[in-house]
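Hi,

Here is the structure I promised to pass on. My notes on it follow below; have a look at the model first.

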Amino acid sequence: MSAVAERVGPDPAVVDARVRRAGSAPSSVPAFAVGQGVNVRRHLDALRDFHRSEFGTGVARPSEGHVQAVNDLLERLRRPLEAAVVQVESAGRATRGDDLGELLRLKSRAHDWVRATERVWDFYFELFGQRQGAFGDWLHACDKIALDCYQHVHMHLGTARSIPSPGPFAYMRTGFSPATYRRNIPLRKLGRQLNPFPLVQLPYHRMVNPWTMGAVLHEVCHNLQNELGLEDEVPRAIHRACLAAGLPPSVARTWARWDRETFADLVGCMLGGEAFVASLMDVIGRAPEQVLAFSPHGVHPTPYLRTFLSTHLLRRMGFGDIARDYERLWRRLYPSTAGTTIPQPMLRTLPEAVQVVVDAVCWTKFPSLGDRSLRQVITFAPRQQSMIEEAAGRLARGVDPGVVPERFLIGAVRIAVDRKLAAPDVLMRNFYSALSGT
């Protein structure tokens with residue numbers, strides 16, 4: 001290869017000629033002014049689109065749909081940044097004297113846009129980059145569970161709805177509790193920009209204990225409530241039903257305020273069965289002072305009351321024996337409500353309120369579901385539990401669990417751990433292997 005072909009950058013002779021024409025002492029003002037435009041332009045260029053290929057080649061990498069959704073968001077953010085950059089470049093070229101005030105103001109405005117855009121770019125770069133590491137297959141497994149929930153619900157609606165796209169995306173963060181960020185809601189960590197797809201945030205300690213991953217179903221159900229158009233209908237249905245049953249207005253308002261967490265618990269139970277309730281009890285079964293503490297403005301049902309919703313639903317689903325066992329265990333853990341801050345009307349009306357709330361959420365027919373109830377849309381009965389039981393034995397042996405829905409593997413690994421069919425580490429590896437195909 002010739003020396004000319006190997007050369008990188010401008011011709012040295014051309015550079016030398018430019019240096020001679022400029023003289024040995026160029027004015028610092030024009031150099032500074034023009035340089036500001038160069039800098040902000042390069043900032044803009046660095047906030048480029050993502051490419052799926054840069055996040056590896058494995059199945060865990062983000063889908064083309066997720067990458068494109070983020071790129072669309074970045075494109076919208078770059079438009080005002082591009083305009084700001086052009087203004088800095090123009091002002092820099094036009095500067096001749098020592099008055100740089102306008103240039104500096106334009107530069108500051110451009111840097112504000114850089115920071116806002118960079119905040120979003122960094123957030124998704126970190127999310128997508130997690131898929132290249134050791135936990136990529138784990139996150140991909142959680143994606144598949146979440147997608148299975150979406151598919152089951154949308155396949156059984158009474159009327160067609162626009163298909164949500166792209167699907168939920170799992171990522172790992174430190175902390176105690178899982179969380180979710182819904183599609184098209186402004187996120188503080190994105191500078192109030194709209195999140196383009198559902199995010200399911202999972203702590204590491206949950207992922208190493210997949211039998212506690214009922215959390216995935218719970219967080220996905222938060223998203224489903226909105227995507228099914230039930231964010232307003234469910235609290236209205238709860239409030240209306242409570243009043244119709246003669247419950248005190250204060251009690252009706254409280255149960256309606258708890259609608260989002262109640263919806264996620266009950267729909268998660270219908271998607272995952274008895275293992276979901278066991279996972280929930282793991283989470284909310286804490287010190288009596290915490291479980292019996294009532295928050296007058298909280299969005300989570302008081303833990304002591306919360307379990308009875310799920311056990312009542314289990315009973316209605318055909319799991320009377322396990323519902324009775326769970327309730328017996330719960331009352332043994334918390335044999336007395338002495339000293340509780342739960343209002344007496346809430347305690348006094350608990351048995352009736354539980355039935356009314358479960359009916360309102362699960363057996364009310366909603367127009368957005370095609371005039372069906374959630375119980376008609378979501379199928380889970382003892383025959384589905386039999387599939388989970390069989391899959392548990394297969395997971396313990398390290399063989400293919402078979403053609404079971406991905407969400408059922410949470411129940412399967414839970415059974416395998418509780419019955420000590422294999423060591424927890426073995427079951428964890430087999431769980432992720434079954435979902436990732438490795």
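**Notes on the model**

The cover over the buried residues of α3 includes α4 (64-94) and α5 (101-129). This is a predicted model, so local features need pLDDT of at least 70 and side-chain atom pairs count only at pLDDT 80 or more, while totals for chains, interfaces and linings use all residues. Residues are numbered from 1 along each chain as its sequence is written, and side-chain values use heavy atoms, with hydrogens and water left out.

**Helices**

Helices are DSSP runs of H or I with at least four residues, strands are runs of E with at least two, and both are numbered from the N terminus. The buried residues in α3 are Val29, Ala33, Gly35, Gln36, Gly37, Val40 and Leu44, where buried means under 20% relative accessible area, exposed over 50% and partly exposed in between, with a 1.4 Å probe and protein chains only. Helix α3 (residues 28-46) has 19 residues that should span 27 Å at 1.5 Å a residue, and its end C-alpha atoms are 27 Å apart, so the two agree. That expected span is 1.5 Å times one less than the number of residues.

α14 reaches 22 Å from first to last C-alpha over its 15 residues, close to the expected 21 Å. Of those 15 residues, 13 are buried, so α14 is mostly covered.

**The largest pocket**

α14 (303-317) also turns up here: along with β2 (179-181), β3 (186-187), α8 (214-227), α11 (259-272) and α12 (274-284), it supplies at least two residues of the lining. A pocket, on a 1 Å grid over the protein atoms alone, is an open set of points where a 1.4 Å probe fits, with protein on both sides within 12 Å along at least five of seven lines; lining residues have an atom within 4 Å of a point. The volume is about 760 Å³, taken as the space filled by probe spheres set on the points, which are joined across faces, edges and corners. Which residues lie nearest the centre? They are Pro178, His218, Glu219, Glu261 and His300, out of 31 lining residues. The lining divides into 14 nonpolar, nine polar and eight charged residues; Ala, Val, Leu, Ile, Met, Phe, Trp, Tyr, Cys and Pro count as nonpolar, Asp, Glu, Lys and Arg as charged, and the others, Gly among them, as polar.

**Cores and contacts**

The largest nonpolar core has 101 residues, and Met207, Ile238, Trp255, Tyr304, Leu305 and Val361 have the most contacts inside it. Such a core is a set of buried Ala, Val, Leu, Ile, Met, Phe, Trp, Tyr and Cys residues joined through side-chain atoms within 4.5 Å. A second, separate core has 37 residues, including Val88, Leu100, Trp121 and Leu199.

Valine 377, in helix α18 (residues 374-377), counts as buried because its relative accessibility is 0%. Beyond four places in sequence, valine 377 is in contact (heavy atoms within 4.5 Å) with His152, Val153, His156, Leu157, Leu369 and Arg372.

**Backbone points to check**

- The peptide bond from serine 165 to proline 166 is cis, with omega near -10 degrees.
- Asparagine 184, in the loop between β2 and β3, has a positive phi of about 60 degrees although it is not a glycine.
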